[in-house]
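Let's take a walk through this structure together, one piece at a time. Keep the picture open while you read.

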Amino acid sequence: MLKNYFKIGLRNLLKDKLFTLLNIIGLSVAFAVAILLSMAAFFDLSFDRFHEHADTIYEVYRQEQSPKGPEASTSQPAPLAGVLKSEVPSIKKVSRHLQQQAVFSFKEKQLSLDVVWVDEDFFNIFTFPVSSKRTNQILADQSSIAITEATAQKLFGESNPLGKTVHVLIEGSEEPFTVGTVISNIPEHSSLKFEAALRFEKHPNYQENKESWDTNYHSIFVQMDDKSLPDQFEKSTRSLVDLNYVEDIANMKRDGVVANSDGRFIQFKLLALEDIHFVNFRKGYAEVSRNTVFLILAIAFLIIGIACVNFINMSVAKSSQRMREIGMRKTLGAQKRHLFFQFWSESLVVFIIAVGIGAFLSALLLDDFKTLFKTAVSFDIIRSPKVILSFIGFILFITLLVGGYPALLLSKLNVIQSLKGKLEKSGKNRVRNALMIIQFAIAIILISSTIVLREQLYFMRNKDLGFNKEQVISFPLDGKKDGYQVLDLLRNELKGNPDILSVSGADNNLGIGRDGSRFRSIFGFEYKNRIVKTNFLAVDYDYLETLDVKLVEGRGFKRGFASDSLSVVINEAMARELGEKDPLTAYVQVNDSTNYPVIGVIKDYNFDSLDNAIAPLTLFLNKDYKLYYGYVKVAPKNLVKSLDAIKSAWASIEPNSIFLGSFLDENINRTLKKEEKMTTIISAGSLIAIALSCIGLFAISLLMVAQRTKEIGVRKVIGASVSSITYLLTKDFLKLVTISFLIAAPVAWWLMSSWLKEYPFKIELKAWFFIIAGLVAFGIAILTVGSRTIKAAMQNPVDSLRAE
Amino acid sequence: MLLELKNIFKWVNSGGQRVFLLKDINLKVDEGDFISIMGPSGSGKSTLLNVMGMLDGFNEGEYNFLEQSVHTLKEKKRATLYKEYIGFVFQSYHLLDELTVQENLEMPLLYKKFKGSERKAMVADMLDRFNIVGKKDLFPAQLSGGQQQLVGVARALIANPKLILADEPTGNLNSNQSEEIMQLFQQLNKEGVTIIQVTHSEKNAQYGKRIIQLLDGRMV
C-alpha cells in the first residue's frame with residue numbers, strides 16, 4: 001500500500017516537472033535559510049551553557065540610585081568579593097574577574113595578550129575544558145598562570161608549555177610566572193574569552209585598591225547553592241551594604257536622591273550566567289533582551305511560512321487535476337483516511353526531498369553564512385540528540401499541517417462530483433486569498449524594514465560625530481615603553497613626513513579598534529554639595545587638533561603651560577552638568593584635596609557608542625595617567641602610504657609589538673556590527689521572501705490561467721481585447737497585494753518605530769519607506785502574473801475552446 | 001435476491017422547485033440477472049445506477065442489498081458493502097493515468113487488505129483471463145480505447161464482485177470494440193456475475209435478459 005502511494009506520488013511529481021521543481025526549489029531554499037538562521041539563533045541561545053554549574057553561576061551587579069534615576073554597573077570594589085563570601089551563606093564560590101591586556105615575553109618573543117585576572121575559584125566556578133595540567137587546582141599559587149592552547153602555540157611553538165617560565169610586564173617590571181595549566185581553546189559561544197589567566201592579586205592596581213570601597217574596577221562571579229533563590233540575594237546583602245557604604249548613602253540623601261521602591265539606595269543583585277550575553281545596563285537596571293535572537297528565529301519561521309503557503313496553494317490548486325483519481329479511488333473502496341494518508345504521504349515525499357536538499361545547501365553555504373553574518377556558528381552546537389529530535393519533530397509537524405490541509409480537502413470530496421471533475425469553488429479560494437495576503441504582507445514588512453534599517457545604518461555611518469574620522473588613525477600603545485615616550489618618539493620619527501599632520505594619544509580608543517577592546521571609565525566627585533559624575537579621558541598634547549574636536553570656550557592643553565597637568569578640559573555636556581554660567585570658573589575635584597580648574601570647553605563629540613547619548617566628559621593631561629592609544633592625523637591624500645609610514649615608525653620604536661592601527665571610520669563601523677548584522681539578515685530575509693513569493697505567485701497564475709482557459713476563449717470570441725483580459729486576470733492578484741499593503745504598512749511602521757526608539761541618534765520614519773515597499777510588491781505581482789496572463793490572453797480562442 | 005428498490009424517490013431543489021431525478025422506482029434484481037437500462041439523455045439512467053452502486057443517496061424509499069437495508073446504513077458500512085460486492089465500469093474508463101495496467105488492476109485489492117502474494121496471483125490471473133499479459137507494464141495512454149475498457153472491466157472484476165454496474169461501457173468505443181466488450185459481459189454473466197448496464201444502443205441492450213426503460217425518472 002505504502003509502496004503504491006509513493007509510486008503514484010512520485011509519478012505525479014514527475015508528470016508535472018515545472019511544478020515539482022518550483023515546489024521543491026521554494027521549499028529547499030526556505031529550509032536551507034531557516035536551518036542556517038535557526039542555527040545562528042540557537043548558537044546565540046547556547047552562550048555560556050557549556051559550564052557544568054551554568055545554572056547556579058551569576059554575575060553580581062550593583063544598582064545605585066542617582067538624581068537622574070537608577071544606575072546599574074557590574075564594576076565592583078576589590079574588598080567586596082571577600083565580604084560577600086563571608087556574609088552571604090548561600091554563596092558557594094566567588095571570584096573576581098578583570099580583563100586587561102598585558103605584555104608577555106618568552107625569550108625574544110614579546111606578545112600583548114588578552115588576560116583575565118581572577119581568583120583561585122574562577123576555574124572551579126567556570127569549567128573550561130582543560131587540555132593538560134600539572135596540578136589539579138588551576139592558579140593554585142600566585143606565580144602560576146593558565147594559558148589557552150592557541151596562546152601556548154604562539155608563545156612556545158610545538159614544545160611542551162607546562163612548567164615553562166614566562167615574564168609578564170606588571171607596573172613596568174617583568175615578573176616571572178610558571179605555566180601550570182593549558183586550557184583547550186575557549187568555545188566560540190563563551191562570553192568570557194581570554195588568552196591567559198593570572199591571579200587577581202597580581203594585577204597592578206590591586207595593592208592600592210585592595211581595601212578601597214571607592215574604586216570599582218572589576219566584576220564578580222558567584223556560584224550559589226543549588227537551592228538558593230537569586231531574589232533573596234539582595235536581602236542577604238543589605239547589612240553589608242549598610243556597613244560599607246555609609247558615606248555614599250549619606251551623600252545620596254544629602255543630594256536629595258530618592259530611595260527605590262524597596263527603600264534602598266544601593267542594592268546588589270544577581271544576573272544569571274545565561275543572561276550575560278543578552279544584558280544591557282543602559283536604563284539603570286539589568287535589561288535582558290533576546291529580541292535579536294527571536295527576530296532571527298521569527299524570520300526563519302516567516303520564510304518557512306511563505307514556502308508552506310506556496311505549497312498549500314499549489315497543491316490545492318493542482319488538486320483539480322486529480323479529482324477523477326479521487327473519485328475513482330473512492331468507488332474502488334478507498335476511505336477518507338486512505339486518501340488523506342495518500343496525499344499526505346505525497347507531501348511527505350516532497351518535504352523529505354526538500355529538507356534533504358535544504359540541509360545539503362545549508363552545509364554548503366555555512367562558510368559564506370558565517371562571514372556574511374559574522375557568526376561563529378557550527379554544526380557541532382546543534383549536534384545534540386535533543387536538537388536533532390526537535391528538528392525532526394518540527395519538520396513532521398509542518399508536513400502534517402501543510403500537507404494535511406490539502407489532503408483533508410481532497411479526501412472530503414464527494415464521489416460523483418469528483419468523478420465528473422467538478423470542484424466546489426466556494427471556500428477554497430478564500431483560504432488561498434487569505435494565505436496570499438499573509439504572504440505579501442510578510443514580504444512588504446520585510447522590504448520596508450530593510451529600507452528603514454539601511455537608512456538608519458547609513459545615517460549612523462555618516463553622522464557627523466564631532467571629530468575627524470576619515471583622516472585619523474588610532475592604534476593601541478601596547479609595547480613595553482611608556483605611552484608618552486612612545487608618542488614623542490613617533491613625533492620625531494614622523495616629523496619630516498608631509499603627510500603626517502599631527503600625533504597625539506589618549507587612554508581610550510574611539511570606536512572599536514583592531515584589538516577589539518572597549519571600555520569606559522567614570523568617576524564621581526562632590527561639586528558644590530552634590531555628586532557629579534563624568535567620563536574620564538587622559539590625553540596627550542594636540543588631542544583636540546589631531547581629532548578636529550572644536551573648542552567652544554577657553555583653550556586646550558598647550559605645551560609651556562606647566563599648570564596644565566593640574567587643569568581639565570570638559571565637554572558641553574559636562575559644562576551643563578556643572579551648571580555654571582561661565583564654565584571656565586568651574587573646577588573638577590580629583591582627590592579630596594585638589595581642585596582642577598576648567599580651562600576649556602569643547603563641543604560634544606561621540607566618544608562613546610552611538611547607542612548612548614553624549615555623556616559628560618573630562619579630559620586630563622597628566623603623566624600619572626597612562627596612555628593606551630595613539631592617534632595620528634594624516635593628510636587626505638596618500639592614506640595607505642601614511643599608514644605604512646606610521647607602521648614602520650612603530651616597528652622601529654616597539655620592534656616586538658605588532659602594529660594594530662586602523663582608521664577611525666573603520667573603528668566606528670566595528671561598533672555598528674549589531675546593526676550591520678541585523679540589516680544583512682533582514683535584507684537577505686526579504687530577498688528570499690520576495691523570491692519565494694514570486695515562485696508561489698507564478699505557480700498560482702499558471703494554474704489559474706489553465707483553469708480559466710475556457711472563459712478566456714469565450715470572452716475572446718465575444719470580442720474582448722487582449723488588454724482587457726490581461727487586466728481581468730491580473731486584477732484579482734493586485735487586489736490581494738493592496739489588501740496586504742494596508743495590513744502590513746502599519747505593522748511595519750510600529751515595528752520600526754519601536755526598534756528606532758532604542759537609538760538616541762535616529763532617522764525619522766517617512767511614509768515613502770513603506771510606499772516603496774508596497775510598490776515593489778505591486779511591481780513583482782504585475783511582472784509575475786502579467787507575463788503568464790498576457791500569453792494566455794493572446795492565445796487563439798479556437799485552441800482554448802477545443803481543449804474543453 | 002440480490003437487491004431490491006422500493007418506491008425510490010430522488011430530487012434536487014432548483015430555484016425553489018423540486019426537480020425529480022427518480023420517481024417511484026421499484027426494481028428487483030436476482031443473482032445472475034443481466035439488465036439493460038435505456039432511456040433518453042437526462043432520464044435518470046446514471047442516477048439510478050449510482051444509487052444502486054451506493055455512490056449516491058436518495059431522498060425517499062427503501063433499498064435492500066443482500067438482505068441489508070442500505071438506507072439505514074452509515075456511510076462507512078455502506079462503503080464496505082459496495083467495496084465487497086460491486087464492481088464499476090465507466091464510459092470514460094477512469095483508469096488512473098499514473099499507474100500501469102498491472103498497477104491499475106492491483107489498486108482495488110490494496111483497499112481490501114489482500115496480502116502481497118495474493119494480490120500478485122489475482123492480478124496475474126486477471127491479466128491472463130483477459131489476454132493482456134503483454135500490456136501489463138503499459139500506461140493507459142498507451143492503449144486503445146477498447147483495450148482501456150478491457151482493463152476497466154478487468155479491474156471491476158478483480159475482487160470477485162457479485163454485481164457489475166456499467167455506465168455506458170461502450171459509449172466511447174467503435175462498433176468492433178463494443179461488440180467485444182458486450183460479448184465479454186455475456187460471457188461473465190454466464191459465469192454467474194450479475195450485470196446492470198446503462199446504454200443508448202438498442203443492439204447492446206439486447207445482450208441483457210431484461211430491459212428497463214426510463215423516462216423523466218420514471219420506469220415505463
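Start with chain A, where you can pick out 25 helices and 25 strands. Keep in mind that you're looking at a predicted model. If you line chain A up along its principal axes, its C-alpha atoms fill a box of roughly 100 × 60 × 60 Å. The chain has 804 residues, and 40% of them count as buried.

How do the parts of that chain meet? Take the contacts in chain A between residues at least 6 apart in sequence: 83% of these join residues at least 24 apart.

Now for the domains. The assignment for chain A gives domain 1 as 92–218, domain 2 as 425–465 plus 671–804, and domain 3 as 479–659. So where do domains 2 and 3 sit relative to each other? The C-alpha centres of domain 2 and domain 3 of chain A are 52 Å apart. The two do touch: six residues of domain 2 of chain A and nine residues of domain 3 of chain A take part in the contact.

Finally, look at where the two chains meet. Chain A brings 17 residues to this contact and chain B brings 15. On chain B's side, the elements that give two or more residues are α2 (75–85) and α3 (101–110) of chain B. Which of chain B's elements has the largest share? That's α3(B), with three residues. Sort chain B's side by class and you get nine nonpolar, two polar and four charged residues.

Note on methods. Residues numbered from 1 in each chain as written. Chains lettered and ligands numbered in written order. Predicted model: local features only at pLDDT ≥ 70, side-chain atom pairs only at ≥ 80, totals over all residues. Contact = placed C-beta atoms within 7 Å. Helix = DSSP H or I, 4+ residues; strand = E, 2+ residues; numbered from the N terminus. Nonpolar A, V, L, I, M, F, W, Y, C, P; charged D, E, K, R; others polar. Buried ≥ 20, exposed ≤ 12 C-beta atoms within 10 Å, placed from the backbone. Domains from an automatic or database assignment.
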